[in-house]
Amino acid sequence: MSNISKIKKRLCPLCTKPINNNDLKYYSKPWKLVQCDCSFVYMPEVPIYERMKNEFSWERNFSEKNEISVKKRIRRFVKGVLKRDKLKDLLNKFCKDGEILDIGCGSGAKFNNISSNYVPYGIDISEESAKEANEVFKKRGGEAICAPSTEVLNRFGKNKFSGAIMRAYLEHEHDPFEVLKNLKYTLKKDAHAIIKVPNYNSLNRKVRGNKWCGFRFPDHVNQFTPKTLLTMVSNANYEVVKFNFFDYLPTSDNMWMVIKPKV
Ligand SMILES: [Zn+2]
């Protein structure tokens, strides 16, 4: 990380206040987390997007899995199956058939077991992932684009999507508020968006500290709590449709939320 000219400083993504000095004890040099006066936890300095593409692309970090033990892999696999089911259930329950936008789509694999009544579209910052997803999505009538979400959301046109997926995405996004705000343009009036992010309030974070799985420097640039996630979606003018205690259990590392644009 010698070239610091490729680092971008940011304001608090929730309240836009400038960086303060409330450094937290969680870091991986040179990356750190701060807690704003509004309580939002974020990385005030992040790698710029070009750098993300080349050096920190998500799939590259995932390729480190060769070093992970068999036990952990089995646990991840089981967890993965449960996660996919939850996404599928929420989609079926809240999103009408039609076009679905997956922001931070990765390789597109999560659509493998999802009904063919949904036509998948995706955005991903990683060239490799977006290319892979595009191959999968094209076969189902959709497409995947490699770009920062803030730049392409309006390219899809007004009132296009029956639903949006932001699974393991908002914690990566430099401008999560902008994305949420702009997403409404391309969503249908009765569309729903499904969010899954690590829950900073999880017990595991308190127990494991810096080793908590929700910390991934410098990829996870935002850390949401149930309260800050609620504030952000409500500021972006969404109504919360589903977010009950079971969606943000302190014993889970993640939380789920379903929202829809306010009319
Ligand atoms: Zn703030």
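Me: How do you know that strand 9 and strand 10 pair, and in what sense?

Reply: Two strands, that is, DSSP runs of E with at least two residues, numbered from the N terminus, are said to pair if DSSP finds at least two bridges between them. Strand 9 (residues 161-167) and strand 10 are joined by 6 bridges in the parallel sense, and they therefore meet that criterion. The model is a predicted one: local features require pLDDT of at least 70 and side-chain atom pairs count only at pLDDT 80 or more, while totals for chains, interfaces and linings use all residues. Residues are numbered from 1 along each chain as its sequence is written.

Me: What makes strand 8 and strand 12 the edge strands?

Reply: The open sheet has 7 strands in the order 8-7-6-9-10-13-12, with mixed pairing. Strand 8 (143-146) and strand 12 (238-242) each pair on one side only, and are the edge strands. Neighbouring strands of this sheet are turned by 20 degrees against each other on average, direction ignored; axes here are lines fitted to C-alpha atoms, for helices over the stretch in contact, and angles run from 0 to 180 degrees between N-to-C directions.

Me: How do you know that helix 8 packs on the sheet?

Reply: Contact requires that the C-beta atoms of two residues, placed from the backbone, lie within 7 Å. Helix 8 (residues 226-235), where a helix is a DSSP run of H or I with at least four residues, touches strand 10, strand 12 and strand 13 (254-261). Its direction makes about 135 degrees with that of strand 12.

Me: Which pairings does strand 13 make in the antiparallel sense?

Reply: Strand 13 pairs in the antiparallel sense with strand 10 over 6 bridges and with strand 12 over 4 bridges. Valine 258 of strand 13 stands opposite isoleucine 194 and is also the bridge partner of lysine 242.

Me: Why is methionine 43 called buried?

Reply: A residue is buried if 20 or more other C-beta atoms lie within 10 Å of its own, exposed if 12 or fewer, and partly exposed in between, with C-beta atoms placed from the backbone. Methionine 43 has 23 C-beta neighbours inside 10 Å, and so counts as buried. Methionine 43 lies in the loop between strand 4 (41-42) and strand 5 (45-47). Leaving aside residues up to four places away in sequence, methionine 43 touches Trp31, Lys32, Leu33, Pro218 and Val221.

Me: Why are the buried residues of helix 6 said to line one face of the helix?

Reply: The buried residues of helix 6 (residues 176-186) are Pro176, Val179, Leu180, Leu183, Lys184 and Thr186. Seen down the axis of helix 6, they fall within an arc of 160 degrees, so they line one face. The arc is that of the directions from the helix axis to the C-beta atoms.

Me: What makes a set of residues a nonpolar core, and which residues have the most contacts inside the largest one?

Reply: A nonpolar core is a set of buried Ala, Val, Leu, Ile, Met, Phe, Trp, Tyr and Cys residues joined through C-beta atoms within 7 Å. The largest has 55 residues, and those with the most contacts inside it are Ile100, Ile103, Ala164, Met166, Ala193, Ile194 and Ile195. Strand 10 (residues 187-198) gives the most to this core, with 6 residues. Alanine 164 touches Ile100, Leu101, Ile103, Leu183, Leu187, Ala191 and Ala193, not counting residues up to four places away in sequence.
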